[in-house]
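Okay, thanks for coming, everyone. Let me put the model up and then walk you through a few side chains.

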Amino acid sequence: MTKEDCVKVLEWFSVAGVSDVARNSLKSAPICECDKISSLADLRQAVSQVDIPIKCCATNMVFGVGNENADILLLGEAPGAEEDKQGIPFVGQSGQLLDKVLAAVGLDRTKVYITNILPWRPPGNRTPTNDEILLFRPYVLKHIELINPKVIVCLGGTASKALLQTSEGIMRLRGTWKTIEGVNAKILPTFHPAYLLRSPSQKREFWRDFLTVMQSVSQFSENR
Ligand code: URA
């Protein structure tokens, strides 16, 4: 079977609501040996070697982009079609909206770092499964440790729940600072830009969350 055939079959399964193909084959996935990783280059290499079925449908791995010394790290869910094509996070429609909000608060991609929970696009843009999230969470924590931001903005429910390990929905989580053990940064869950494209009336809250980030980021540095 060619790679194209494999992509078509998996996308068909995904559209039909079947995700057990990926789930079952994840049971033997190797555990991240993250303790041995001390640079972004090593992390990129380790992530690229994770054996996971969604990889076979993807064109490019989408690792992270931006300022590696940034105070602010933006954490999304997973690449979409355009990100998969270019290998860069948030370059599609939702990324363009994100860029506008960043500009409105005086930020751009040279001042923040952007990554996702999953580095490969799930077939048919489906939501990452719990197993996929659990597999990649240690790599995400290592990514955060290496960037060492003061603030993490979780974009959307999937990224927020994955990082905070909670089942609470984004409507309840949004706009309230959180902390988790082992992460030396304040975490602010907010909406995913793709949701704002569907519900533009919520853009104001999203913008407010970024204003909160800007106001708080200098304060947080004093306590580190
Ligand atoms: N949505 C995400 O969560 N991440 C991306 O990189 C693009 C779209």
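I'll go through the aromatic rings and then one arginine.

Quick housekeeping: this is a predicted model, so local features need pLDDT of at least 70, side-chain atom pairs count only at pLDDT 80 or more, and totals for chains, interfaces and linings use all residues. Residues are numbered from 1 along each chain as its sequence is written, and side-chain values use heavy atoms, with hydrogens and water left out.

So, rings. Rings of Phe, Tyr and Trp (its six-membered ring) pair if their centres lie within 6.5 Å; planes under 30 degrees apart are stacked, over 60 edge-to-face, and the rest tilted. That rule gives 5 aromatic pairs. One of them is Trp177 with Phe220, edge-to-face, with 4.9 Å between centres and 85° between planes. This pair links distant parts of the chain, 43 residues apart: Trp177 is in the loop between α8 (170-173) and β5 (186-190), and Phe220 is in helix α10 (residues 203-222). Helices (H or I, at least four residues) and strands (E, at least two) are DSSP runs, numbered from the N terminus.

Buried or exposed, then, for Phe220? Buried, at 12% relative accessibility; the cut-offs are under 20% for buried, over 50% for exposed, and partly exposed in between (1.4 Å probe, protein chains only). Trp177, at 26%, is partly exposed.

Elsewhere, Trp120, Phe136 and Tyr139 form one aromatic cluster.

Last, the arginine. Arg126 is in the loop between β3 (112-116) and α6 (130-147), and Arg126 is buried at 15% relative accessible area.
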